[in-house]
Amino acid sequence: AFWLFWHKRLSEMFALRKINNNYSDFAGSRSDFVVVGHPEFNLGKIGSDNYPPGWDKTNVKMMPKKSLVSDRMRREGGHSAHIKRVALAESKPKYKERVLARARSAPQAIQPLTEEQEFSEFVATLSRPEQLPPCSPQRLTAGYGNHIRSQPVCNYYRDMQNELSSMRLRMRVAPDETKADLQADDSWKYYAAHLKQASRNAANVRRERQRSLPTV
């Protein structure tokens with residue numbers, strides 16, 4: 001309430017003297033007389049409480065203030081309906097019943113794949129006829145002074161792409177031996193993680209391209 005009081009008082013014309021007196025120095029018959037001729041500017045904060053005779057004291061018309069709380073209160077029936085809702089004691093279900101009801105209405109969680117299913121998925125992805133997705137994330141590798149191609153991060157993803165391509169070729173020539181070698185030391189998990197990430201990156205690139213097509 002104190003802040004609102006001073007905010008209202010400082011919005012009056014006598015608050016202009018807190019800045020400077022340029023209005024009184026340069027005002028004359030110009031439009032500045034609207035300010036310097038006003039009692040709030042001439043009489044100050046104390047004298048502007050009672051306007052001299054002849055001044056229009058009616059407030060400027062404005063739209064009523066809006067508030068999300070008051071609008072919702074008005075839509076739901078006003079203060080009387082709100083007090084009735086608060087005072088009405090309804091029997092609510094117990095915590096266990098609410099948890100069980102929420103669990104029944106929630107979508108069923110997807111069961112994680114077993115290790116054997118993940119290996120089969122990795123082999124199926126590696127054996128597809130289409131080209132393998134790029135393992136490296138989207139990076140700007142061209143341009144003057146751009147030497148990122150020779151950096152270790154690009155070399156790492158380039159070597160990973162070559163290893164996946166070589167493994168794909170081995171899978172076509174000797175599938176049983178390649179599967180046995182991958183399962184012997186669980187090295188397939190390392191390559192499967194990179195292949196999944198590459199598939200996600202490729203899907204994101206396709207999604208971004210499709211999203212930008214209407215604007216081209």
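Which residues in α9 meet Tyr-190, Tyr-191, His-194 and Leu-195 in α11? Before you select anything, note that this is a predicted model, where local features need pLDDT of at least 70, side-chain atom pairs count only at pLDDT 80 or more, and totals for chains, interfaces and linings use all residues. Residues are numbered from 1 along each chain as its sequence is written, and side-chain values use heavy atoms, leaving out hydrogens and water.

**Stop one: the helix pair.** Select 152–173 for α9 and 188–212 for α11 (helices are DSSP runs of H or I, at least four residues, numbered from the N terminus). On the α9 side you'll find Tyr-156, Met-160, Glu-163, Leu-164 and Met-167 (contact means heavy atoms within 4.5 Å). The two axes come within 11 Å and cross at roughly 110° (lines fitted to C-alpha atoms over the stretch in contact, with angles from 0 to 180 degrees between N-to-C directions). That makes α9 roughly perpendicular to α11 (65 to 115 degrees).

**Stop two: colour by pLDDT** (the predictor's confidence in each residue, from 0 to 100). The chain mean is 77, with 79% of residues at 70 or more.

Now select Pro-134, Cys-135, Ser-136, Pro-137, Arg-139, Thr-141, Arg-149, Cys-154, Tyr-157, Arg-158 and Gln-161, which line the second largest pocket (lining residues have an atom within 4 Å of a point on a 1 Å grid; a pocket is an open set of points where a 1.4 Å probe fits, with protein on both sides within 12 Å along at least five of seven lines).

Terms used:
Helices (H or I, at least four residues) and strands (E, at least two) are DSSP runs, numbered from the N terminus. Angles under 35 degrees count as roughly parallel, over 145 as roughly antiparallel, 65 to 115 as roughly perpendicular and the rest as oblique.
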